[in-house]
Amino acid sequence: MVTFCISLIALVLGYLLYGRFVDRVFGPDDRVTPAIHIVLPNWKVFIIQFLNIAGTGPIFGAIMGAKFGPVAYLWIVLGCIFAGSVHDYFTGMLSMRNGGASCPEIVGKYLGDKARKVMLVFSVLLLLMVGTVFVFSPVTILQEYGGTALLWIICIFVYYIVATMLPIDKVIGRFYPMFAIALLFMVAALMVCLFVEWPLLPELWSHPENMGKAADSSFTDQVFPCMFITIACGALSGFHATQSPLMARCLSSERKGRAVFYGSMITEGLVALVWAAVSMYFFYGEPAPGYQLIESVGNKGFLTSAPAVVNIMCNSWLGVTGGILAILGVVAAPITSGDTAFRSARLIIAEAFHIEQRTIPKRLLVSLPLFGVSLALLIWQVEDANGFNTIWQYAGWSNQALAVFMLWAITVYLIRQKKNYWIALIPALFMTCVCFTFLFISKLTFHLPEVIAYVAGGACMVIAIFWFYVWYYRNKKSTK
């Protein structure tokens, strides 16, 4: 619990100190924002932004990441403060500075048209996978309470169509705050339980290694790079770049950006941190792991799925209220993230191909093909026993690759503005190395031996450094 407490304090200080520093680097002012048609109250924008980027990401990712042991705390804290929050803040602020532009348009402006096209494809594919995954996971839970999988799939897609078609203030603006408050209440209640129970958890200084290998021989994923892909939401997530522009179009002042964009990411980090600690108790608690002390777990132990851990811990520690909150967390949260994923995909495609979106027929023109592809993916996912895991892993890598593009775009922006570019360059280089190394080492792609994969990933980072400084000095000469 000591590592958890230190991490908790570090996140709060990160917002108060580093968040203010990042805000000063950008320099918000009183210029007119793109919030012309829809201006929402600041608190509501924060709540919607938090739920849009959160969903079940910081819960499921933290649970799976906790299997690595307390080293997960490090990535949640450092990743959230120095990478994820910087990424989210600048994405939102640059969108505001560019008329509410989407992430591909921002990348295109600072990295060129080729990068814009790659970002466009990456964004839409990632959003489709996110929307599909966030249909499948709640359906598996809802089936336990009655109805068939097909019935729940139809219900969720009907909601998606309605939510995607209507303006953001008609559905999202009215109902999302309720879900976000429920999610935050669940996390706050679990945090209270952690302090009341004060379980004996493994500390970072006593277990800096990958504890998953010791817990189960089948768990052989490497801390680097796999943990940095597994824990995305709650540390750094490219998916957030697709969501921040939605809220950038609803803020009345740039000066509110730090609380909304940087603050919501820190809040998500707190959610991930709490669930990492709860999961650490479940997998590694002393004198016996939590799954051995809770009768309802069955015999899955260390291999218990993330949704099952949510249900078990909420019901065990929070009772009936916990069960209700678990349903909101495992069902409502992914559904709300799914519909914003489809909304973002629609807007990104419409912006890229200059298709106006004021009328319903034009919105359907873009949305229906998206829903059709998602349904095809969903059918394959249901029929293939390993379909969910496959899509989740591809989505995880694509998610972080998306973040890499945006971090490089932010770096270029800061250089052109003659501002402190190191705050974006360092995480951009690190995540470049992570993504390439994962590509080389993953069983889904090249599956190279560890040593070769690490050398190749490091070489890609060196090439990125070389490329960057060549561009940097050329840019410096051209601007003299």
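This report describes the overall form of a predicted protein model and then a selection of its residues.

## Overall architecture

The protein contains 18 helices and zero strands. Its radius of gyration is 21 Å, close to the 23 Å that the globule rule gives for 480 residues, so the protein is as compact as a globular protein of that length. Taken along the principal axes, the box filled by the C-alpha atoms is roughly 65 × 50 × 40 Å.

Of the 480 residues, 60% count as buried. Contacts between residues at least 6 apart in sequence were also examined, and 82% of these join residues at least 24 apart.

## Surface and charge

The protein exposes about 19400 Å², and carbon and sulfur atoms supply 68% of this area.

## The loop between α8 and α9

Helix α8 spans residues 172-197 and helix α9 spans residues 211-215; Leu204 lies in the loop between them. Leaving aside residues up to four places away in sequence, Leu204 touches Thr3, Pro70, Val71 and Leu74. The C-alpha atom of Leu204 is also separated by 8.1 Å from that of Tyr73, although these two residues are 131 residues apart along the chain.

Asn210 is found in this loop between α8 and α9 as well. Asn210 counts as buried because its relative accessibility is 12%, and the cut-off for burial is under 20%. The side chain of Asn210 reaches the backbone nitrogen of Gly212 at 3.0 Å. With residues up to four places away in sequence not counted, Asn210 touches Lys67, Phe68, Phe219, Asp221 and Val223.

Ser367 belongs to helix α15, which covers residues 360-383. The relative accessible area of Ser367 is 1%, so this residue is buried. Within the model, the side chain of Ser367 reaches the backbone oxygen of Arg363 at 2.8 Å.

## Cis peptide bonds

Most peptide bonds are trans. By contrast, the bond that joins Phe224 and Pro225 is cis, with omega at about 10°. Pro225 lies in helix α10, which consists of residues 223-230.

A cis peptide bond also runs from Glu286 to Pro287, where omega is near 5°. The place of Pro287 is in the loop between α12, residues 257-284, and α13, residues 290-293.

Most residues other than glycine have a negative phi. His354, a residue other than glycine, has a positive phi near 55°. His354 is found in the loop between α14, which spans residues 306-352, and α15. With a relative accessibility of 72%, His354 counts as exposed, since the cut-off for exposure is over 50%.

Lys418 likewise is not a glycine, yet its phi is positive at about 55°. The loop that holds Lys418 lies between α16, residues 387-416, and α17, residues 422-441. The relative accessible area of Lys418 is 70%, so this residue is exposed.

Conventions. Residues are numbered from 1 along each chain as its sequence is written. This is a predicted model: local features need pLDDT of at least 70, side-chain atom pairs count only at pLDDT 80 or more; totals for chains, interfaces and linings use all residues. Side-chain values use heavy atoms; hydrogens and water are left out. Helices (H or I, at least four residues) and strands (E, at least two) are DSSP runs, numbered from the N terminus. The radius of gyration is taken over C-alpha atoms; the globule rule is 2.2 Å times the number of residues to the power 0.38. Buried means under 20% relative accessible area, exposed over 50%, partly exposed in between (1.4 Å probe, protein chains only). Contact means heavy atoms within 4.5 Å. Accessible areas come from the Shrake-Rupley method with a 1.4 Å probe; for residues, only the protein chains shown count as cover. A polar contact is a pair of N or O atoms within 3.5 Å; within protein, one must be able to donate a hydrogen and the other to accept it, and residues adjacent in sequence count only if both atoms are side-chain atoms.
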